[in-house]
Amino acid sequence: MKIKTFRAKTFGEALALVKREMGEDAVVLSTEEKKGPRPSVEVSAAVDYEAGEAASPKAAIPSWATPIPSPAVPPPPVREQEEIRQLKNTLIEFKTEVGSIRELIEDTRTEAKTARLPAGKRDVLRFLKKRGVREEHARGICDTANNVKEIPRAMAAGVAVRGGGMGGKKAIVLIGPTGVGKTTTVAKLAAAAIKARKRVAIVSLDSYRIGAIEQVRIYAKIMGVPLEVVPDAGRVKACLARHADKDVVFIDTTGRNPLGDAVLSELAPLYESGVPVETHLLVSATSDYDFLDRAWKSYGRLPVDCVGVTKVDEAVRYGALYNVSALFGKPIAYLTNGQTVPGDIVFPTREKVLRMILMESPAGAAPAAAER
Ligand SMILES: Nc1nc2c(ncn2[C@@H]2O[C@H](COP(=O)(O)OP(=O)(O)O)[C@@H](O)[C@H]2O)c(=O)[nH]1
Ligand SMILES: [Mg+2]
């Protein structure tokens, strides 16, 4: 980094000087107007040392504009640096300890609350937690279930499924985190629609990932359905108009980290275009609760109609189906249970979903086999 201060009669002259001396990459750090019998201005500018060296033309500097040498700022002494480092470490340790104490207090409170419950309700809680139902949702079920036998009835209100597979709208857009199974599920849904004698097209908005287009292109080719790759969501409307003769058009999208804003900014033009679409949010049955929560905070800002839960074949328990229902408040439209297209997708009844959640499902005993 090279810092210099220039003095000139006007800002314009001073900036011209900066540009001439330090090149186009220079950044102005400060400016100051000097009043008095001979008014002038001072402009301090900085440039990355090497870039500046390369960029600055060696032009002559007029006599009225003398560069003022910058005072050298000495680095803090080594001992001080070491002390700062140690202080930082102590602070991190302290924060971790406070976090642990907080968790401990919370656990103790929860245990005390559980201990006050009647034995039957304690069983309900234990039963549900063992199946992966989140504590807070399990407690909600506990309010109405006095014993394990009453769980299915108490849980039923919290789980909705969308019968009939696909809804009435022509365009169906699949959204969700990266790698959740959107493209594979588009292919499975397209195959199901073809089986139901519907005229189908696939639109891919996923031009972000290398190979993504190839994957969907292969599926489309195998099924003999047209594929259109659309570079941005704003152009989907025109694309759908080209497919006016189709009964259903599946739109595959780019998976995004739910933490980022890309999720919304990329898809917003689709919703703003006013084209009627049905939005399916896909989440994996293997996702942990905090991830689901975060995904909903992000994707839930879009007009989600229903949920597709993928990779149930990889889950060791199915509490996530309840957690998803409780968190999202949207019906489950389908479950996917394997990588095989078109087979590994089911459109379950509510009873089926409830049975799955209540299953004590040891690792490896996926319901996929039972479904097929
Ligand atoms: N086990 C399992 N794997 C799946 C399922 N659905 C998709 N996959 C796999 O998950 C990976 C990512 O799928 P893909 O459709 O490309 O995800 P996308 O990034 O959301 O489009 C691929 O290897 C798929 O074969 C499923 O239901 N079960
Ligand atoms: Mg994909």
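Predicted model: local features only at pLDDT ≥ 70, side-chain atom pairs only at ≥ 80, totals over all residues.
Visitor: How many residues surround ligand 1, and which are the closest?

Guide: The shell holds 16 residues. Lys182, Thr183, Thr184, Asp313 and Thr336 are the closest.

Visitor: Which helix gives the largest share of that shell?

Guide: Helix H7, residues 182–195, which contributes 4 residues.

Visitor: And by class, what does the shell have?

Guide: There are 9 polar residues, 6 charged and 1 nonpolar.

Visitor: OK, contacts. What lies 2.8 Å from a nitrogen atom of the ligand?

Guide: A polar side-chain atom of Asp313.

Visitor: And what about the oxygen atoms of ligand 1, on the side-chain side?

Guide: Thr183 has a polar side-chain atom 2.8 Å from an oxygen atom of ligand 1.

Visitor: Which residue brings a polar backbone atom to an oxygen atom of the ligand?

Guide: Gly179, at a distance of 3.0 Å.

Visitor: How much of ligand 1 does the protein bury?

Guide: The protein buries 84% of the 570 Å² that ligand 1 exposes when taken alone.

Visitor: Switching topic. How many disulfides does the count come to?

Guide: The count comes to 0 disulfides. For that count, two cysteine sulfur atoms would have to be within 2.5 Å.

Visitor: Is Cys142 buried or exposed?

Guide: Cys142 has a relative accessible area of 3%, so this residue is buried; the cut-off for buried is under 20%.

Visitor: And Cys239, buried or exposed?

Guide: Cys239 counts as buried because its relative accessibility is 0%.

Conventions
Residues numbered from 1 in each chain as written. Chains lettered and ligands numbered in written order. Heavy atoms only, no water. Near = heavy atom within 4 Å. Polar contact = N/O pair within 3.5 Å; in protein donor to acceptor, adjacent residues only side chain to side chain. Areas by Shrake-Rupley, 256 points an atom, 1.4 Å probe, with all protein chains shown as cover. Helix = DSSP H or I, 4+ residues; strand = E, 2+ residues; numbered from the N terminus. Nonpolar A, V, L, I, M, F, W, Y, C, P; charged D, E, K, R; others polar. Buried < 20%, exposed > 50% of the residue type's maximum accessible area, 1.4 Å probe, protein only.
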